[in-house]
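Please read the following points with the coordinates open beside you.

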Amino acid sequence: MPIRPENKHRYPADWKLRSLFVRFYRARNHCEWCGAKNGEPHPITGSKVVLTTAHVFDHRPEAASLLNLAALCQRCHNRHDAKMRQAGRKRRTLESVGQRDLFGANDEN
Ligand SMILES: [Zn+2]
């Protein structure tokens, strides 16, 4: 998932280095969850794999510990982030009409 412009300042200054380390050194160019190889057709979807760096346990951009990051293919990353994205869309919709979700999760995306 591309970094949202309004969140860019929340990533550490060395984010690109961390992301490169996780995807290409630690994960050796493979999805750390399903094993799909970067640049190759995904074994399930058939689409070209483009590894991304995901926040696994803590979704906040500031939570950039290497233990919280994983190299994931689009399929694994989208499945992992789906619930958080849905909550973010709901929050942004409410904010656009001047309301807040008093009982929602404190997601940041
Ligand atoms: Zn995967």
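1. In which loop does Leu66 lie? Leu66 lies in the loop between strand E1 (52–55) and E2, where helices (H or I, at least four residues) and strands (E, at least two) are DSSP runs numbered from the N terminus. The model is a predicted one, in which local features need pLDDT of at least 70 and side-chain atom pairs count only at pLDDT 80 or more, while totals for chains, interfaces and linings use all residues. Residues are numbered from 1 along each chain as its sequence is written, and side-chain values use heavy atoms, with hydrogens and water left out.

2. Leu66 is partly exposed, at a relative accessible area of 35%; buried means under 20%, exposed over 50%, and partly exposed in between (1.4 Å probe, protein chains only). Together with Phe21 and Tyr25, Leu66 forms a nonpolar surface patch with about 290 Å² of accessible area.

3. Along the sequence the protein follows the pattern α-β-β-α, with 2 helices and 2 strands. Of its 109 residues, 33% are buried.

4. Leaving aside residues up to four places away in sequence, Leu72 touches Cys31, Trp33, Val50, Leu51, Thr52, Ala54 and His77, a contact being heavy atoms within 4.5 Å.

5. His42, found in the loop between H1 and E1, counts as buried because its relative accessible area is 5%. The side chain of His42 reaches the backbone nitrogen of Ile44 at 3.0 Å. Beyond residues up to four places away in sequence, His42 touches Cys34, Ala36, Ser47, Val49, Cys73 and Arg75.

6. Arg10 lies in the segment before H1 and, at 15% relative accessibility, counts as buried. The C-alpha atoms of Arg10 and Arg60 are separated by 8.4 Å, although the two residues are 50 apart along the chain.

Notes
Patch = residues over 30% accessible without salt bridge, like charges linked within 9 Å, V, L, I, M, F, W, Y side chains within 5 Å. Areas by Shrake-Rupley, 256 points an atom, 1.4 Å probe, with all protein chains shown as cover. Salt bridge = Lys/Arg side-chain N within 4 Å of Asp/Glu carboxyl O. Polar contact = N/O pair within 3.5 Å; in protein donor to acceptor, adjacent residues only side chain to side chain.
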